[in-house]
Amino acid sequence: MICPDFLEFQDVLKKMRVLDDKIVYTLNTSLPTESFKSKVDATSVCQDLFHQIQNGHSERENVIKNCIVSTAESVKKLKEAKESAPDDIDVLRNLKTEQKKLRLLQTELSVEEVIKEKTTKLFIEKCRTYYKPNNL
């Protein structure tokens with residue numbers, strides 16, 4: 001599981017966000033210009049791209065939420081350990097580390113929302129004439 005190591009978690013998310021990071025390039029290279037409209041089925045291209053985007057968003061959101069749940073459980077256990085041994089330095093150190101990681105994971109969820117909004121906005125701007133998904 002990638003949750004215990006936050007840097008590894010960020011690396012995995014970065015790889016999962018490649019499509020969103022290059023959405024403008026992907027849209028520009030996938031959609032035809034006026035002169036090539038008859039050679040490319042823009043509707044199917046937009047539909048396929050939309051499904052790729054949606055799958056990526058839901059997959060990343062699930063990974064982030066699973067890590068949040070896992071880390072929150074770890075924080076809860078460490079708090080219980082702290083109550084039973086309030087002077088244990090290792091428990092206190094681990095608790096603070098896990099609490100920090102939990103905050104960072106919650107921040108990643110907010111970042112994911114911003115990325116989702118940006119990608120969806122760009123998709124709608126470029127594909128609105130070819131494909132209109134039902135859930136937007």
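Select helices α4 (residues 42–84) and α5 (residues 89–127). Helices and strands here are DSSP runs numbered from the N terminus, helices being H or I with at least four residues and strands E with at least two. α4 and α5 pack at an angle of about 165°, and their axes are 9 Å apart. Each axis is a line fitted to C-alpha atoms, for helices over the stretch in contact, and the angle runs from 0 to 180 degrees between N-to-C directions. α4 and α5 are therefore roughly antiparallel to each other; angles over 145 degrees count as roughly antiparallel, under 35 as roughly parallel, 65 to 115 as roughly perpendicular and the rest as oblique. The α4–α5 crossing is left-handed, a term used if the near helix is turned anticlockwise from the far one by less than a right angle, with clockwise giving right-handed. Colour the contact of α4 with α5 by residue class: 20 residues are nonpolar, eight are polar and 11 are charged. Nonpolar covers Ala, Val, Leu, Ile, Met, Phe, Trp, Tyr, Cys and Pro, charged covers Asp, Glu, Lys and Arg, and the others, Gly among them, are polar.

A note on the model before moving on. The model is predicted, with local features needing pLDDT of at least 70 and side-chain atom pairs counting only at pLDDT 80 or more, while totals for chains, interfaces and linings use all residues. Residues are numbered from 1 along each chain as its sequence is written, and side-chain values use heavy atoms, with hydrogens and water left out.

The crossing of α1 and α4 is left-handed. Show side chains for Phe9, Leu13 and Met16 in α1, which meet Glu59, Arg60, Val63, Ile64 and Cys67 in α4; contact means heavy atoms within 4.5 Å. Six residues of this contact are nonpolar, none polar and two charged.

The axes of α1 and α5 cross at roughly 10° and come within 11 Å. α1 and α5 are therefore roughly parallel to each other. On the α1 side select Phe6, Phe9, Gln10 and Leu13, and on the α5 side Lys101, Leu104, Leu105 and Glu108, which they meet. By class, the contact of α1 with α5 has five nonpolar residues, one polar and two charged.

Turn to the cysteines. The structure holds two disulfides, a disulfide being a pair of cysteine sulfur atoms within 2.5 Å. Select Cys3 and Cys67 first: these two form a disulfide with their sulfur atoms 1.9 Å apart. This pair links distant parts of the chain, with Cys3 in the segment before α1 and Cys67 in helix α4, 64 residues apart. The torsion about the S-S bond of Cys3 and Cys67 is about -80°, so this disulfide is left-handed. Cys3 and Cys67 are both buried, meaning under 20% relative accessible area, with exposed over 50% and partly exposed in between (1.4 Å probe, protein chains only).

Then select Cys46 and Cys127, joined by a disulfide with an S to S distance of 2.1 Å. Cys46 lies in helix α4 and Cys127 in helix α5, and the pair, 81 residues apart, links distant parts of the chain. With a torsion of about -80° about the S-S bond, the disulfide of Cys46 and Cys127 is left-handed. Both Cys46 and Cys127 are buried. When the bonded cysteines are numbered in sequence order, the pairing is 1-3, 2-4.

Thr26 lies in helix α3 (residues 23–30). At 17% relative accessibility, Thr26 counts as buried. Show its neighbours: leaving out residues up to four places away in sequence, Thr26 touches Leu19 and Leu49. Draw a C-alpha to C-alpha distance from Thr26 to Phe123: the two are 97 residues apart in sequence and 10.0 Å apart in space.

Last, select Thr120 in helix α5. Thr120 is buried, with a relative accessible area of 17%.
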